[in-house]
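Subject: Structure handover

Hello,

Here is the structure for you to look over. Some notes on what was found in it follow below.

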Amino acid sequence: MSLRRKTPDLFPVHEATLPSGLRVRMVPDHDAPVVSLYTFFQVGSRNERPGITGISHLFEHMMFNGAEKYGPKEFDEVLESNGGRSNAYTTHDTTVYYEDFAADALDTVLDLESDRMRALTIDDRSLRSEREVVKEERRLRVDNEPAGLMDEALQALIYQSHPYRWPVIGWMGDIEAIRREDCEAYFRTFYAPNNALLWVAGDFDPDSLLRRIRRAYGDIRRGPAVPEVVNAEPPQRGERRAELRHPSRAPSVLVGYRGLAVNVGVDWSWRRDPGLFAFHLELQPNADVPAAERALYAEIHRVAEQGVEAREVEKARNNLRAHLLRELTSNSGRAHALGTYEMFLGSWKHGFGLPEAYGRIDAPAVQAAARRWLDPTQRSVVTLVPEDVKQ
């Protein structure tokens, strides 16, 4: 195992790979005595199958329930007692755990993270407990939330065979059916070091940190090869529609177009396989839903046929580039951004080319993209029809 230093224009990145396959990336910054650590596992709902949908998100909860050295709930207690904080999230493609803490707690955090990667406690008690938490989360965010129901319906409408068709949180029946044996097999395969990527940014010496990481993680065994996900999604040959009835004050329309690499809304959502571009129309009560749709499609048609003004494109370019650069100004943002680039673009170095790539986009390129991707035959539409609340 050797330490290699790669120096882009903005800051140095030091790279190493342990014999177990664990990839390590370090970005030293001595401006303040703080550190951020991100652990990326290359697994999400995309890697699931019918019968265990939602297991990736369920496992995010399970990871805080204790391991060999630190018992249930001790992870956050120990971290917070050292002035740190943690969180995690699961997407269709990846699961990420991260901590922000004072630099003198670095060894403690490495001990906490390596403990649960090495020997997570997986038993019926913890599974029952976290299953109920996830079921309640699903009720709150999906079953009783129109926006969640609409998004779930749109994904199932757009995708016929790809795993993107089921929600990250999983179907309720599958959440209830997941067994301890499913969790154990999942952990051995997807939470092994050869399926993990460690990014550390902050106040440390890279050579010293690498020795400490090797001590903490070096005895964790590789896992089996991760099964490939087959993208067998057939081409869409016409518009698809679904109507959703749910108690609501006003109608809504969610329109998605297949084929784009990311889902663009108020923020970016990266995908390993082709995703969607979505429009969400929240309407006034008693609004004319077909008229609202026609207005949206007319505007899309105008862009495809007439293009957009150069100043609009320039504003969008500047906003995108500013967002990318802002994320690189903090330790946490730096580790998250560069780790995300590596997970989805193949190398963190490709991320530094994004501002320049955005800068090359002009009005004709936007018009061409609208013509190519916003084709009515690739459109899927979910309409929320308000129903009276049952007394």
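Phenylalanine 41 counts as buried because its relative accessibility is 2%; buried means under 20% relative accessible area, exposed over 50% and partly exposed in between, with a 1.4 Å probe and protein chains only. This is a predicted model, in which local features need pLDDT of at least 70 and side-chain atom pairs count only at pLDDT 80 or more, while totals for chains, interfaces and linings use all residues. Residues are numbered from 1 along each chain as its sequence is written, and side-chain values use heavy atoms, leaving out hydrogens and water.

Aromatic pairs

There are 17 aromatic pairs in the structure; rings of Phe, Tyr and Trp (its six-membered ring) pair if their centres lie within 6.5 Å, and planes under 30 degrees apart count as stacked, over 60 as edge-to-face and the rest as tilted. Phenylalanine 41 and tyrosine 97 make an edge-to-face pair, at 5.9 Å centre to centre and 80 degrees between the planes. Phenylalanine 41 is in strand β4 (residues 34-41) and tyrosine 97 in strand β6 (residues 95-102), so the pair ties together parts 56 residues apart in sequence; strands (E, at least two residues) and helices (H or I, at least four) are DSSP runs, numbered from the N terminus. Tyrosine 97 is buried, at a relative accessible area of 0%. Both residues belong to one aromatic cluster, which also includes Phe59 and Tyr191.

Nonpolar core

Phe59 and Tyr191 are also among the residues that touch the most other members of the largest nonpolar core, which has 65 residues. Such a core is a set of buried Ala, Val, Leu, Ile, Met, Phe, Trp, Tyr and Cys residues joined through side-chain atoms within 4.5 Å. A second, separate core has 21 residues, including Trp199 and Met343.

Helix α9

Helix α9 (residues 289-306) has 18 residues. Its buried residues are Val289, Ala292, Glu293, Leu296, Tyr297, Ile300, Val303 and Ala304. They lie on the same side of α9, because they cover an arc of only 130 degrees around the axis; the arc is that of the directions from the helix axis to the C-beta atoms. Arg294, His301 and Gln306 are exposed on the other side of α9. At the N-terminal end, aspartate 288 caps α9, with a side-chain oxygen 3.1 Å from the backbone nitrogen of alanine 291.

Regards

Key:
The expected span of a helix is 1.5 Å times one less than its number of residues. A polar contact is a pair of N or O atoms within 3.5 Å; within protein, one must be able to donate a hydrogen and the other to accept it, and residues adjacent in sequence count only if both atoms are side-chain atoms.
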